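Today I opened a new model and made a list of things to look up. Come along and check each entry against the picture.

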Amino acid sequence: MQIDRLTRIIFSPTGTTKKIVEEISKGLKIKNTDTINLTKTDIRQNFNLSINKHNELLIIGVPVYEEKIPKIIEKTLKNLRGKGQPIILITVYGNIGSGISLKQLRTLVEDVDFRVVGAGSFIGEHSFSNGELKIAKGRPDERDLKKAKQFGKEIRQKLKYISDIENIPELKLEGKLPLIAKILPKDSAKLFAKIPTVDKERCNMCDICINVCPVMAIDEKNLRINNEICLHCFACVKKCPKEARKINFKKKELVKLFLRKKGSGRKKPQIYY
């Protein structure tokens with residue numbers, strides 16, 4: 001199957017998902033590449049894409065929140081339309097669990113007429129990771145990126161020998177919600193961590209936190225965060241050059257114990273093709 005064009009659709013507040021998708025792209029070696037970054041609110045709100053060419057490949061890359069894909073992305077991706085084109089699904093989670101994220105993505109894209117030719121759950125630094133609680137610190141690292149690039153090469157080879165995409169067998173994706181994810185309420189991340197406030201002595205009013213927030217939750221005048229719409233992605237913390245915001249946990253010792261236990265050990269990417 002001849003592929004002449006690659007479209008990458010990403011949602012990546014802290015940049016980890018973006019890194020994985022870019023490395024997969026290197027393995028695919030498709031020169032004509034376009035990227036739609038749904039991290040920005042205005043791009044998300046205006047997203048409406050119909051793919052008509054059969055020689056085009058798509059990649060969708062999103063982070064995992066609470067063992068699922070973000071609700072705002074689930075809503076956005078319903079404005080995507082295809083005509084039987086191949087697609088790669090990528091989720092990135094913080095070394096705790098990818099849950100049903102890949103299965104959710106597959107349902108979404110198959111409903112709008114795409115054919116899944118590859119999928120993968122990769123690991124990125126956890127949103128809650130900080131100086132005290134290091135969960136997948138620095139990931140994706142060199143090993144992760146090497147695995148991502150190799151995955152792209154494998155998909156390239158697979159597509160090379162496919163004559164009719166309709167005959168591709170359905171991938172058997174693993175993933176389920178753990179019991180704790182079923183028990184906890186919606187937006188349970190807010191039960192674990194406080195909204196990060198600004199240290200006025202450190203802040204230099206550079207507005208980086210405002211610009212990186214994927215849901216425009218930060219007030220431009222006082223830099224306060226709207227708890228109702230905040231995703232708890234903590235891009236505002238991780239991207240601040242002055243470290244003027246910090247991640248502070250509720251019931252600190254209990255939360256740290258829970259997260260250390262769940263996030264211990266080095267989980268490996270799970271790939272399907």
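**Entry 1: what kind of model**

I noted before anything else that this is a predicted model.

**Entry 2: helix α5**

I began with α5, which covers residues 142-160.

Next I asked which residues of α5 are buried. They are D144, A148, F151, G152, I155, K158 and L159. Viewed down the axis of α5, these buried residues fall within an arc of 125 degrees, so they line one face of the helix. I reminded myself that an α-helix has 3.6 residues a turn, so residues three or four places apart point the same way. On the other side of α5, I found E142, R143, K146 and K160 exposed.

What do the buried residues of α5 pack against? I found α1, β4 (56-63), β6, β7 and β8 (270-272).

**Entry 3: V117, a residue in β7**

I picked V117 in strand β7. With a relative accessible area of 0%, V117 is buried. Leaving out residues up to four places away in sequence, I saw that V117 touches L57, P86, I87, I88, I155, K158, L159, I165, I168, L171 and Y273. Among these contacts are I155, K158 and L159, which I had already listed as buried residues of α5. I also looked up one distance: V117 and I165 are 48 residues apart along the chain, and their C-alpha atoms are separated by 8.7 Å.

**Entry 4: helix α10**

Then I turned to α10, residues 252-263. This helix has twelve residues and reaches 16 Å from its first C-alpha to its last, close to the 16 Å expected.

Its buried residues are V255, K256, L259 and G263. They cover an arc of only 95 degrees around the axis, which puts them on the same side of α10. E253, L254, L257 and K261 are exposed on the other side of α10. I checked what covers the buried residues, and α7 (189-192) is included. Just after α10, G265 has a positive phi of about 80 degrees.

**Entry 5: aromatic rings**

How many aromatic pairs does a search of the whole structure find? I wrote down five. In one of them, F128 and F249, the ring centres are 5.8 Å apart and the planes are at 70 degrees, so the pair is edge-to-face. This pair links distant parts of the chain, 121 residues apart: F128 is in the loop between β7 and α5, and F249 is in the loop between α9 (235-238) and α10. Both F128 and F249 are buried.

I also noted that ring pairs link F122, F151 and Y273 into a cluster. F151 is one of the buried residues of α5, and Y273 is one of the residues that V117 touches.

**Entry 6: empty spaces**

Rolling a probe the size of a water molecule over the atoms shows where empty space is left. The largest pocket has a volume of about 1100 Å³. Of its 47 lining residues, V64, Y65, E66, E67 and A189 are the closest to its centre. The elements that give two or more residues to this lining are α1 (16-28), α3 (71-76), β6 (85-93), α6 (179-183), α7 and α10.

I counted three cavities of 30 Å³ or more. The largest cavity has a volume of about 120 Å³. It is lined by 15 residues, and C203, C206, C209, C240 and A244 lie nearest its centre.

Most residues other than glycine have a negative phi, and most peptide bonds are trans. I went looking for exceptions.

- R139 and P140 are joined by a cis peptide bond, with omega about 10 degrees. P140 lies in the loop between β7 and α5. Both residues are among those touched by T16, which sits in helix α1 and counts as buried at 13% relative accessibility.
- M216 has a positive phi of about 55 degrees although it is not a glycine. I found M216 in the loop between α8 (208-212) and α9.
- L223 is another residue other than glycine with a positive phi, near 65 degrees. The place of L223 is also in the loop between α8 and α9.

Are these two buried or exposed? M216 counts as exposed at 60% relative accessibility, whereas L223 counts as buried at 4%.

Technical notes
Residues numbered from 1 in each chain as written. Predicted model: local features only at pLDDT ≥ 70, side-chain atom pairs only at ≥ 80, totals over all residues. Heavy atoms only, no water. Helix = DSSP H or I, 4+ residues; strand = E, 2+ residues; numbered from the N terminus. Expected span 1.5 Å × (residues − 1). Buried < 20%, exposed > 50% of the residue type's maximum accessible area, 1.4 Å probe, protein only. Arc of directions from axis to C-beta. Contact = heavy atoms within 4.5 Å. Phe/Tyr/Trp six-rings, centres within 6.5 Å; stacked < 30°, edge-to-face > 60°. 1 Å grid on protein atoms, 1.4 Å probe; cavity = no way out; pocket = protein on both sides within 12 Å on 5 of 7 lines; lining within 4 Å. Points joined across faces, edges and corners; volume = space filled by probe spheres on them.
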